[in-house]
Amino acid sequence: MKHAWIENDIVRDVAPGDPFKFYHPDIAAYYNTLIPDDIQMGAAWDGEKWVNRIILPTTTLLKENVLLPRRVGQAELREAMSLAERVKWDNDTSPTIKTGCGKNDFSSIRTGYIFGRAI
């Protein structure tokens, strides 16, 4: 049997041994439940027994949701700006934008997709 930190009937964490030997006493107090050795972190209590969750390989989950960096040129950046932003950009006399990226230096700006969302 091993000590586990249970939160909302789910195993939040499993101690690598006696929690009072590894953690501060305030933290070790959360490891107050004994669970069988075959139960893993993330397992849920179904009312009668602990059920380990099924973990899919990450290659299956992330196969189509990968970050694809691409460079953005000045023309493409200007196309994405509103009219007010373009006017401010054109009339700005400072050598750099407040983010630290120079007006003509777009090498540090990257875009792509993570988990199906544009970034």
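**Exercise 1. Which residue forms a salt bridge with Arg78, and how far apart are the closest N and O atoms?**

*Solution.* The model is predicted: local features need pLDDT of at least 70, side-chain atom pairs count only at pLDDT 80 or more, and totals for chains, interfaces and linings use all residues. Residues are numbered from 1 along each chain as its sequence is written, and side-chain values use heavy atoms, with hydrogens and water left out.

Step 1. Apply the criterion: a salt bridge requires a side-chain nitrogen of Lys or Arg within 4 Å of a carboxyl oxygen of Asp or Glu. Arg78 meets it with Asp90, the closest N and O atoms being 2.8 Å apart.

Step 2. Arg78 belongs to helix α4 (residues 74–80) and Asp90 to helix α5 (residues 83–91), so the pair ties together parts that are twelve residues apart in sequence. Helices here are DSSP runs of H or I with at least four residues, strands are runs of E with at least two, and both are numbered from the N terminus.

Step 3. Arg78 is partly exposed at 23%, and Asp90 is partly exposed at 48%.

**Exercise 2. Which strands are joined to β1 by bridges, and how many bridges join each pair?**

*Solution.* Step 1. Two strands pair if DSSP finds at least two bridges between them. Strand β1 (residues 2–7) is joined to strand β3 (residues 33–35) by three bridges, and the two run antiparallel. Four bridges join β1 to strand β2 (residues 10–14), also in antiparallel orientation.

Step 1. Identify individual partners. Ala4 has Thr33 as its bridge partner in β3. On the β2 side, Ile6 stands opposite Val11, and Glu7 stands opposite Ile10.

Step 2. Examine the turn. The hairpin of β1 and β2 has two residues between the strands. Asn8, in the loop between these strands, has a positive phi of about 55° although it is not a glycine. Asp9 lies in that loop too; its phi is positive, about 60°, and it is likewise not a glycine.

Step 3. Compare their accessibility classes. Asn8 is exposed at 71%, whereas Asp9 is partly exposed at 45%.

**Exercise 3. Which residues make up the largest nonpolar core, and what does Ala4 touch?**

*Solution.* Step 1. A nonpolar core is a set of buried Ala, Val, Leu, Ile, Met, Phe, Trp, Tyr and Cys residues joined through side-chain atoms within 4.5 Å. The largest such core has seven residues: Ala4, Val11, Val14, Ile35, Ile39, Ala43 and Trp50.

Step 1. List the contacts of Ala4, a contact being heavy atoms within 4.5 Å. Leaving aside residues up to four places away in sequence, Ala4 touches Val11, Asp13, Val14, Tyr30, Tyr31, Asn32, Thr33 and Ile35.

Step 2. Of the 119 residues in the protein chain, 18% are buried.

**Exercise 4. Where is Pro36 placed, and which residues does it touch?**

*Solution.* Step 1. Pro36 is located in the loop between β3 and β4 (44–45), and is partly exposed at 31%.

Step 1. Apart from residues up to four places away in sequence, Pro36 touches Met1, Lys2 and Trp50.

Step 2. Compare sequence and space: Pro36 and His3 are 33 residues apart in sequence, with 9.0 Å from C-alpha to C-alpha.

Methods
Buried means under 20% relative accessible area, exposed over 50%, partly exposed in between (1.4 Å probe, protein chains only). Contact means heavy atoms within 4.5 Å.
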